[in-house]
Amino acid sequence: MGALLEVDDVVVKFGGVTAVNRANFTAERGQITGLIGPNGAGKTTCFNVITGLQRPTSGRVRYRDRDVSRWPVHKRAKHGIGRTFQRLEAFGSLSVRDNVRVAHDIHGGPLAWVRPSGRTSLEIDVLLDRVGIAEYADERADSVPTGTARLLELARALACNPQLLLLDEPSSGLDETETDAFGELLKDLAAEGAAILMVEHDMDLVMAVCDDIHVLDFGQIIASGTPAAVRTDPAVQRAYLGYAETDHEGDHTSEMGAVS
Amino acid sequence: MSSLFAFTLLGLFTGAAYAIMASGLVLTYTTTRVFNIAHGAFGMVLAFTFWDFTQRQGLPTVVSLILVLGVVAPAIGWFIQRFVTRGLGEGPVSVALVVTVGLLVGLIGLAQQIWKPQPRVLLPFYPETGWQLGDTYITAHQVITIVCSIIVALGLYLLLNRTRIGTAMRASVDNPDLLKLFGGRPDTVAALAWAIGMSLAALGGILLTPVVGLDYFSLTLLVINAYAAAMLGRLKSLPLTFAGAMGLGVLESWAVAYLPTDGFWSTIRPVIPALFLFAIVVIMPQAQLRIGQVKGIIAAPVPSMTRAAGSGGVLLAFAFVLISLVSRSDVLLIGVAATYAMVMLSLVLLTGYGGHVSLAQFTFAGVGALAYAKLDEPNLFGLAMAGLIAAGVGALVALPVLRLTGLYLALSTLAFAVLMDKMIFQAEYAFKFNGVLATERLSILGVRIGSDRSYVWFMVLSFVLMGLFLLWLRRGALGRLLIAMRDSPSGCGTLGLDLRWFRVGLFSLSAGMAGLAGGLFAGLRGTVGAADFLYFQSLLVLLLAVVFGVTSVTGAMLGGTALMLLPVWQSSAPSLAGLLFAVLGFGAVLLGRDPNGIANHLFKLGRLGTGRLLPQWEQQFRLRLDGLLKPGRPAPAHSIDRVDEAVTEPMTGPMNQGVS
């Protein structure tokens with residue numbers, strides 16, 4: 001049996017721009033895999049390809065040993081691919097609790113809509129507590145701080161019991177203590193058997209929690225390996241770590257592509 | 001064979017005029033993301049203006065043409081972009097649609113007010129001149145049309161590909177924010193696009209007037225032709241738009257030539273654009289979900305079920321008193337208001353909660369009425385069947401656009417409304433041309449509701465029950481899903497919701513509600529005909545629903561009452577009939593950005609009146625105090641302690657990153 005997720009020679013072109021160029025990487029059950037690279041490297045586009053929001057120009061996505069490249073977004077979600085977004089996609093008009101409840105409802109299907117709400121409420125509260133945002137439960141999702149909204153997206157994804165969890169810059173907006181707690185949560189989730197694939201700019205977090213790291217630059221994987229191996233890879237240092245500290249601009253190429 | 005050539009040629013001439021109009025539509029849509037449903041209406045007003053200049057003021061044709069195309073049209077385009085549609089492209093599609101529907105209705109009203117109904121003729125250019133080509137006679141007007149379309153095509157090509165502003169226009173299509181960063185001026189680009197688009201609407205309108213007549217409605221409906229043509233190029237590609245327009249023109253011409261001139265087939269010609277449109281929509285590929293669009297919306301408050309039931313009871317009691325006091329004709333008017341209010345409730349579900357726009361809601365009521373009229377002894381079961389049939393038809397309309405997004409669905413409903421209005425409702429198996437069907441009053445458990453007063457009260461009861469059903473829905477899982485889908489379709493999709501079928505279900509439920517209203521309406525009237533369910537009525541229903549608040553049951557009630565009063569006012573002051581439409585349309589333009597409408601302001605006023613704002617302030621004050629006393633405690637979101645957050649996340653609000 002292969003890895004839970006295999007990204008196989010994926011190419012994504014937007015007009016003349018190649019956002020992802022023959023990317024190959026995997027994510028294993030029970031492991032946290034980091035996907036890092038400078039802004040515009042194509043990380044979010046990779047996520048969109050895996051979740052079905054972006055059709056690849058060529059290449060395949062294999063999940064649980066099946067080619068899911070042509071599956072629609074919702075079908076992949078139903079089969080256990082969950083994600084969070086770099087640009088938040090929380091349901092702004094609903095409360096934090098109702099955001100998670102919607103995920104519950106969708107996951108459970110129409111039958112869950114008539115289930116006694118008491119048990120669901122309990123499960124939701126446990127989940128909110130687990131990601132550490134229980135105190136915001138009754139706030140509108142568009143009024144909570146960015147970091148909280150990201151954790152809310154995580155809680156929402158977890159409500160669907162994902163086997164593969166894609167996290168797009170989950171720690172931005174969190175302070176140091178919160179980030180540490182978040183790192184522990186990720187390790188717990190992985191220990192429970194989930195495969196976690198994470199795009200992240202916080203190198204300390206990435207180095208601390210990831211089992212494996214893939215480095216993207218100009219849409220290509222330029223290095224893969226353990227944190228220690230990637231840290232000392234000269235290609236990575238040249239392409240990324242040198243100016244990673246100062247670069248805070250938006251992920252233009254990948255975002256534009258995703259939106260247009 | 002030669003006649004095939006002749007009719008193809010004729011079709012190409014009409015197609016050329018469609019192409020001119022459609023290219024204007026594409027230009028404004030691609031540069032500003034606002035689909036101008038009023039594009040044809042602007043063409044209509046400008047064609048009337050041209051008639052005014054040439055026939056009434058007696059200006060020479062060339063001078064009038066230069067004035068209309070070079071001065072009036074661009075000025076209007078600039079004005080509309082600056083003051084009406086600016087910024088609409090970044091908001092929800094439903095708002096942009098409502099605003100431009102408001103423009104459409106307002107322009108028709110304005111035209112009726114300025115140019116009172118009377119036969120008018122706008123002659124073709126050089127009416128005496130023409131040439132014989134084989135056995136086909138080609139008029140100078142046709143040659144001018146095709147030359148104009150070639151000039152427009154070349155002009156647009158040169159503008160977009162060979163000039164700086166054209167490059168900026170193309171850049172603006174991709175990303176206006178980025179364009180601004182690189183020193184471009186998206187506002188100038190947008191204004192120019194609208195100015196040119198309006199001139200093209202005018203030119204198309206003027207060229208087509210000799211074909212379709214100088215008429216408020218037929219010229220307005222040309223937007224469907226333009227839209228159908230533009231859809232071939234997915235509203236983006238100008239060459240494909242031209243191809244689509246030519247194809248449409250030829251199809252129409254062939255229909256005239258080869259279809260029987262009597263019976264069912266004769267009704268097909270006016271609906272060819274709509275059929276053409278459906279055909280294209282069906283073969284269009286799946287639309288991708290977009291990321292980073294609409295965010296949280298402040299909606300009107302949802303009352304508790306007890307409170308809602310209480311209000312419903314009060315309304316029923318009030319209606320009972322009112323119905324027993326007023327005259328018989330006024331009783332019937334209350335029934336009409338209840339019908340409109342119920343149709344608007346179906347829009348509360350679809351538009352207010354779901355964020356989708358339907359321009360055919362009254363047509364669904366017509367389907368319900370038709371089904372009801374076919375019943376021999378209508379009872380509750382029959383009424384339910386009428387609703388189910390309308391729901392089925394609603395699903396059929398949504399199915400072809402299953403794979404597409406909001407705008408296409410809404411525009412398809414307009415095409416559907418026209419299709420029903422001009423073809424199906426007038427067919428032999430329906431109301432027949434200019435015909436009516438007799439209807440019976442509803443019977444409940446074998447008891448016929450004979451008297452007008454009890455029947456109308458029953459209609460009010462139906463409205464109340466429907467409203468309660470809607471609120472129950474809104475408070476439950478389905479309501480949450482609807483709001484979630486409106487806020488973030490991508491979020492729902494990645495959680496496993498199949499948006500396509502969910503949308504069809506929603507659309508079908510909403511159509512079913514409208515169908516029920518239509519059935520009850522048929523029972524009220526005693527006779528119903530195609531004239532009761534004109535497509536234009538659906539636009540009015542949408543506008544008044546939004547103006548009075550499409551997010552609340554109260555809004556639907558007020559909107560229904562207003563729509564009932566509209567013709568009453570119009571008949572009491574016939575000279576101002578058009579003006580009322582204009583006020584309504586342009587009012588919707590002003591109010592369309594807030595779907596909570598007038599009802600929500602009333603709610604606020606009500607809260608102010610009962611002094612409920614005071615405790616709220618008190619609560620906020622307490623929260624702030626708590627925050628100050630316990631600095632270590634994380635801040636509640638709406639307290640002033642959010643300053644802490646601002647330090648860690650400079651310049652970014654929690655949810656507005658998508659537009660940053």
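Start by selecting residues 212-217 and 220-225 of chain A. These are strands β9(A) and β10(A), antiparallel to each other and joined by five bridges. Together they make a hairpin, with two residues between the strands. Click on Phe218(A) in that turn: its phi is positive, about 45 degrees. Which residue stands opposite Val215(A) in β10(A)? Ala223(A) does.

Now look to the other partner of β9(A). Select residues 32-36 of chain A, which is strand β3(A); four bridges tie it to β9(A), and this pair runs parallel. Val215(A) turns up again here, as the bridge partner of Ile36(A).

In chain A, six strands line up as β6-β7-β8-β3-β9-β10, forming an open sheet with mixed pairing. At the edges are β6(A), residues 81-83, and β10(A); each has a single partner strand, so one side of each has no neighbour in the sheet. Going from one strand to the next, the twist averages 20 degrees.

Colour chain A by pLDDT before moving on. The mean is 86, and 89% of the residues in this chain reach 70 or more. Then zoom to residues 243-260 of chain A, where pLDDT stays under 50; the model has 36 contacts beyond four places in sequence for this stretch. Where pLDDT is low, the predicted coordinates should not be read in detail.

Over to chain B, with its 26 helices and six strands. Of its 660 residues, 51% are buried. Take the contacts in chain B between residues at least 6 apart in sequence: 79% of them join residues at least 24 apart.

Last stop: the largest nonpolar core, which has 292 residues. Select Ile196(A), Leu107(B), Leu345(B), Val541(B) and Leu543(B), the residues with the most contacts inside that core. Finish on Leu107(B): setting aside neighbours within four places in sequence, its contacts are Ala38(B), Ala41(B), Phe42(B), Met44(B) and Val45(B).

Technical notes:
Residues numbered from 1 in each chain as written. Chains lettered and ligands numbered in written order. Predicted model: local features only at pLDDT ≥ 70, side-chain atom pairs only at ≥ 80, totals over all residues. pLDDT = per-residue confidence, 0-100. Contact = placed C-beta atoms within 7 Å. Core = buried A, V, L, I, M, F, W, Y, C linked by C-beta atoms within 7 Å. Buried ≥ 20, exposed ≤ 12 C-beta atoms within 10 Å, placed from the backbone. Pairing = 2+ DSSP bridges. Axes fitted to C-alpha atoms, helices over the stretch in contact; angles between N-to-C directions.
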